[in-house]
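Subject: Structure handover

Hello,

Here is the structure I promised you. Please open it alongside this email and follow along.

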Amino acid sequence: MAPSLWWAKETHRGTPVVVKMEKPNNWSMVELESPSDEDFIYPNDAVAKGGRNRNAKQLTWVLLLKAHRAAGCLTSIAAAFVSLTSAIRRRVASGRTDGLDSSSKSRFFTCIKAFLWLSLVLLCFEMAAYFKGWHFRQPDLYSLADAAVVRGAFNSLYSTWVLIRVGYLAPPLQLLITLCIVLFLIQSLDRLILCLGCLWIKLRNIKPVAKHGIVDLESGDGDGYFPMVLVQIPMCNEKEVYQQSIAAVCNLEWPKGRMLVQVLDDSDDLITQSMIKEEVHKWQENGANIIYRHRVIREGYKAGNLKSAMNCSYVKDYEFVAIFDADFQPNPDFLMRTIPHFKDNEEVGLVQARWSFVNKDENLLTRLQLINLAFHFEVEQQVNGIFLNFFGFNGTAGVWRIKALEESGGWLERTTVEDMDIAVRAHLHGWKFVFLNDVECQCELPESYEAYRKQQHRWHSGPMQLFRLCLPAIIRSEISIIKKANLIFLFFLLRKLILPFYSFTLFCIILPMTMFVPEATLPSWVVCYIPAIMSFLNILPAPKSFPFIVPYLLFENTMSVTKFNAMISGLFQLGSAYEWVVTKKSGRSSEGDLISLVEKDQLPTRHKNSSEPNLDEMREEIMQQEQLAAQKEKKKKHNRIYTKELALAFLLLTASARSLLSAQGIHFYFLLFQGISFLLVGLDLIGEQVE
């Protein structure tokens, strides 16, 4: 063939496509060919007709494939709907509701119910007016199909209602909207500045550097910096995780004679106490320097437990104390990477490590928590540590200089956030904090909404208690004006009070009210664009979580009801402000961590003739302990119905129905999806599901 006719060569233009069916025995492979040149050059020829026939067959195959996929999708949706309906039926049939602060009797819940009933009445009223010709188009502009319809009892009543809205309800509501928008913008600006600070740290590669490098233990104590370290593990009825934390701490790389482990057990369950005692005894036999402490008088929750342990006479021999909660598993080199930051730096009182999570992909709830906590450590803690040398102590995975604790007054039981309390007092005494973003300590996230909700209630009521108690001390302290302003306006007011206040008030109360009082308007950029940008910034430290950005935005607004209620109860000492509920653990990594420790032969040096833990014995022991614990438990885990969230769900859905009458697109979609989010959370369909 002539070179000029190279294009005339017959080429294979087909593309093989494997059609996968749902059933493995019903599948086929089809080769779809693209149109040939003859289909275009000879459109009226028989060859072209044949090509068109072939293409018609191919199109039929494609349509059949798409129909099959659509049927599979519909089947999946139907199955999910049936499962959802079954779960809702179980929730309603069980009748178990949330018991936190007796919400069914609380004033807060009563206010939400009042708003809900009022919205239902107004929706019926507005629908009746709509069908009688009252059509809302723009703010302060109504049109009537016939001017004569103003006459009549109903229309006279509705026109009076409109005048009341315009003259008396809209102005104060619009003022409240303006106030919340200003607070919203201030908080968004604070979030943006934190993100810019984090970006600067990344670009400049700024991080704390220890003045004393890490020394290999095998080289001997020689020139190494190995001060006396006390390691504390406070726990209370946490039988699911005690083994993994004790094992991890006993395997810390530190000279044996210069470290003491205190297991501070506040358990009131005798079986749990015996299990922990036995575990401590086992590690003592294997050469670990570890002791077991149990308080007879259990007062002050975790703060009282730590305070009691620090009163031991032998504590005076130690210079530093490392604290790990029962579900935390520090890496063996934890002390080797944190303690050197105290060397030749007498102003440093605390070195805090970041958390990592063993169950971050367990369910949707843990994935959403990861977004918040990744931002907290990567941005908030790191930026405040680098630029201010101050941040809130996270209560665990940190090392304190004992002198700093003593000078700051030690542990106090006056609030439910003893970690934040001691951090603020140490800051007022001039101590500096160091945050290590590259040192991680594994822990566990709450997997059920009940556990997460109670945790968040404690985390948001405690700071308000502390603010009331610490404000006079902050004002009288000798720290600089800038540090005082940071503590009062940023650390407490903006991030602990204003954030839950405007989040709940603006999106859960004011926005639905503007649907029934349309003369007061909430701009679309406040409802949609700014929250979307803030969610985008929040999710940057956890880039793998980008697919969850919309659920995250909706869930954060849903959690605002719990955070707002906790903030109010802490600020005014109401309800369960002083209630301490230990966050439930699942202990999913407990057995795996013990097995890995045995397989890697990481147990400490043992005495001769001492018994070495056996893998099979550990497995059998775990099973026996779980069976004993199951027999002891009278109440099984179960999902609940959360009344406040359900009431707000119906309130938002009612407001979304009202927004349809005025064709407010962005507001309707936000209210609809936010209402569905509240409904799912209220029925406890997020997080761990118990059959």
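Predicted model: local features only at pLDDT ≥ 70, side-chain atom pairs only at ≥ 80, totals over all residues.

H3 and H4 are oblique to each other. H3 covers residues 107–131, and H4 covers residues 153–204. Their axes come within 11 Å and cross at roughly 120°. The crossing of H3 past H4 is left-handed.

Which residues make the contact? On the H3 side they are Leu122, Phe125, Glu126, Ala128 and Ala129. On the H4 side they are Phe154, Leu157, Tyr158, Trp161 and Arg165. Sorted by class, eight of the contact residues are nonpolar, two are charged and none is polar.

Glu126 and Arg165 turn up again elsewhere. Together with Glu519 and Arg658, they are linked in a network of salt bridges.

**The protein as a whole**

The chain has 691 residues, and 50% of them are buried. Its secondary structure amounts to 19 helices and twelve strands. Take the contacts with a separation of 6 or more: residues 24 or more positions apart account for 80% of them.

**Salt bridges**

Side chains of opposite charge can pair when their charged atoms come close. How many salt bridges are there in the whole structure? The search finds 23.

Start with Lys307 and Glu413. Their side chains form a salt bridge, with N to O at 3.9 Å. Lys307 sits in helix H7 (residues 301–310), while Glu413 is in the loop between helix H10 (402–407) and helix H11 (418–428), so the pair ties together parts that are 106 residues apart in sequence. Lys307 has a relative accessible area of 33%, so it counts as partly exposed. Glu413 is partly exposed too, because its relative accessibility is 37%.

Next, Arg401 and Glu346. The closest N and O atoms of this salt bridge are 3.5 Å apart. Arg401 belongs to strand S11 (residues 398–401). Glu346 lies in the loop between helix H8 (334–338) and strand S10 (348–357). The pair links distant parts of the chain, 55 residues apart. Are the two partners buried or exposed? Arg401 has a relative accessible area of 3%, so it is buried. Glu346 stands at 54% relative accessibility and therefore counts as exposed.

Last, Arg354 and Glu378. Their side chains meet in a salt bridge at 2.7 Å, N to O. Arg354 is in strand S10 and Glu378 is in helix H9 (residues 364–387), so the pair ties together parts that are 24 residues apart in sequence. Both Arg354 and Glu378 are buried.

**Loops to check**

Asn389 is not a glycine, yet it has a positive phi of about 55°. Ala397 is not a glycine either, and its phi is positive at about 60°. What about their accessibility? Asn389 is partly exposed, with a relative accessible area of 28%. Ala397 has 0% relative accessibility, so it counts as buried.

Now the loop between H8 and S10. Asn345 is found in this loop. Its relative accessible area is 24%, so Asn345 is partly exposed. Asn345 and Lys432 are 87 residues apart in sequence, but their C-alpha atoms are 9.7 Å apart in space. Glu346, the salt-bridge partner of Arg401, is in this loop too.

Finally, look at Leu574. This residue is in the loop between helix H15 (549–571) and helix H16 (590–599). Leu574 is partly exposed, with a relative accessible area of 31%. Which residues does Leu574 contact, leaving aside its neighbours within four places in sequence? They are Arg107, Ile568 and Ser569. The C-alpha atoms of Leu574 and Ser106 are separated by 10.0 Å, although the two residues are 468 apart along the chain.

Best wishes

Technical notes
Residues numbered from 1 in each chain as written. Heavy atoms only, no water. Axes fitted to C-alpha atoms, helices over the stretch in contact; angles between N-to-C directions. Helix = DSSP H or I, 4+ residues; strand = E, 2+ residues; numbered from the N terminus. Parallel < 35°, antiparallel > 145°, perpendicular 65-115°, else oblique. Left-handed = near helix turned anticlockwise from the far one by under 90°. Contact = heavy atoms within 4.5 Å. Nonpolar A, V, L, I, M, F, W, Y, C, P; charged D, E, K, R; others polar. Salt bridge = Lys/Arg side-chain N within 4 Å of Asp/Glu carboxyl O. Buried < 20%, exposed > 50% of the residue type's maximum accessible area, 1.4 Å probe, protein only.
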